[in-house]
Amino acid sequence: MNNYDWIVVGAGITGAAIAYELAKTGFSTLLLEQQQTSENATRYSYGGLAYWSGTTPLTQQLCEEAISRYQNFDFELEAETEFRELDLLLTIAADEDPQTTASLYSHAAIPPRLLNINEACELEPLLNPRAISGALTVKHGHINPAKTTHGYIQAFLRAGGTMEIAQVLNLQTTSSSHKGMKLTGVQTTINTYHTANVVICAGGFSRQLLKLAGINIKLYFTHAEVIETSPVELNLRTLVMPASLQRFHLEAESTKIDELWQYSDTEPVPPILDVGAIQFQDGSLRLGQISRVLTNPNAKVNPEKSQKWLRTNIQQILPKLAHLPGTLHHCLVAFSSDRLPLIGLIPGCEGVYIFSGFSNPLVMIPPLARRFADFVAGKEDEIIPQLSPRRYE
């Protein structure tokens, strides 16, 4: 079968969720993934679910929808997602004022509680008290992102979907009567598939893939680096992250001059490191993360220098974790210029849709994937149009 109602490109959690929802809605759907073993952002995610962090009616509504989905996901997907709640610990640097930092979170649906140094170290005994002036804490959801994605894919296949391991080479188009282009199919390394609709969920590679088809879109990416360890006996009780995340500032600064992204080898802003750590239920840890804005998605990083930078900074916050044996991993993380995802039809490209650029992905993806499938099936939705790429026109 080479004809499908929908083709979904990318089988991270975004593509897996969209494919599942489309197939469940009744569309014949093909899911394409270029790698047999995923090395994408889903694979190396911390797995955090920031239900508490909505600051607008839109994001708060999606957070509430996500909570109810995850509480029933093991049953719905017939999978073990390892869903749980744990304490998030947002560390405040020793040279920062705790009250000022806490005020930055005052608009969240559930504002985190401010802790002094002793309270923070009681909550997380592995923390170095000399490195902080305090911390914020709030209950935080957590899943195993790889297992959840696998659950989505298996549910998609049970719903009648088809999955192929193949690299997408190009989107096939013809001229449209509306002075644009119209999708006719998708060419891969093994076949050409005919479809009227494709949704690009290729994360950080989405921009490059669309560019091959002559489509420019304001979707960007960072190169993220984390260290992953084998299971260890140390017990990290909380999910640790800095209260003042540099990543969001990095993303905002790097998109001010969009023209820089038209070149394949630029670095608009210097790299940053947000020191964090999470321990999964099997005892393994992920430590990170470095974020680099390199406009070449295939750019190489120096793993030795990255490991040294990461471990030196982890030593300051969580010294007992700094020298654990581990492997540095590198992936791309997509983002937009306003921290809202890009979802919907790409202007001037009939049949070509985007679903990418999430700043709070594991929370936002499940409710938005369901809404997207209902929307393209003809159901009215008040949220999907607000996330359209047309908002940048």
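Is R84 buried, partly exposed or exposed? At 23% relative accessibility, R84 counts as partly exposed, since buried means under 20% relative accessible area, exposed means over 50%, and partly exposed lies in between, with a 1.4 Å probe and protein chains only. The model is a predicted one, in which local features need pLDDT of at least 70 and side-chain atom pairs count only at pLDDT 80 or more, while totals for chains, interfaces and linings use all residues. Residues are numbered from 1 along each chain as its sequence is written, and side-chain values use heavy atoms, with hydrogens and water left out.

R84 lies in strand β5, where helices (H or I, at least four residues) and strands (E, at least two) are DSSP runs numbered from the N terminus. Not counting residues up to four places away in sequence, R84 touches H140, G141, H142, I278, Q279, F280 and Q281, a contact being heavy atoms within 4.5 Å. The C-alpha atoms of R84 and N144 are separated by 9.6 Å, although these residues are 60 residues apart along the chain.

N197 is buried, with a relative accessible area of 18%, and, leaving aside its neighbours within four places in sequence, N197 is in contact with D5, W6, I7, L183, G351 and Y353.

Turning to the helices, the axes of α1 (residues 13–25) and α6 (residues 145–158) come within 8 Å and cross at roughly 25°; such axes are lines fitted to C-alpha atoms, for helices over the stretch in contact, and angles run from 0 to 180 degrees between N-to-C directions. That crossing angle makes α1 roughly parallel to α6, given that angles under 35 degrees count as roughly parallel, over 145 as roughly antiparallel, 65 to 115 as roughly perpendicular and the rest as oblique. On the α1 side, I13, A16, A17, A19, Y20 and A23 meet T148, T149, Y152, I153, A155 and F156 of α6. The residues of this contact between α1 and α6 divide into 10 nonpolar, two polar and no charged, where Ala, Val, Leu, Ile, Met, Phe, Trp, Tyr, Cys and Pro count as nonpolar, Asp, Glu, Lys and Arg as charged, and the others, Gly among them, as polar.

Charged side chains pair elsewhere. A salt bridge here is a side-chain nitrogen of Lys or Arg within 4 Å of a carboxyl oxygen of Asp or Glu, and by this rule the count comes to 17 salt bridges. In one of them, R158 pairs with E78, the closest N and O atoms being 4.0 Å apart. R158 lies in helix α6 and E78 in the loop between α3 (73–77) and β5 (84–93), so the pair ties together parts that are 80 residues apart in sequence. R158 is partly exposed at 46% relative accessibility, whereas E78 is exposed at 60%.

The side chains of R292 and E225 also meet in a salt bridge, at 2.6 Å from N to O. This pair links distant parts of the chain, with R292 in strand β16 (residues 285–292) and E225 in strand β13 (residues 220–229), 67 residues apart, and both R292 and E225 are buried.
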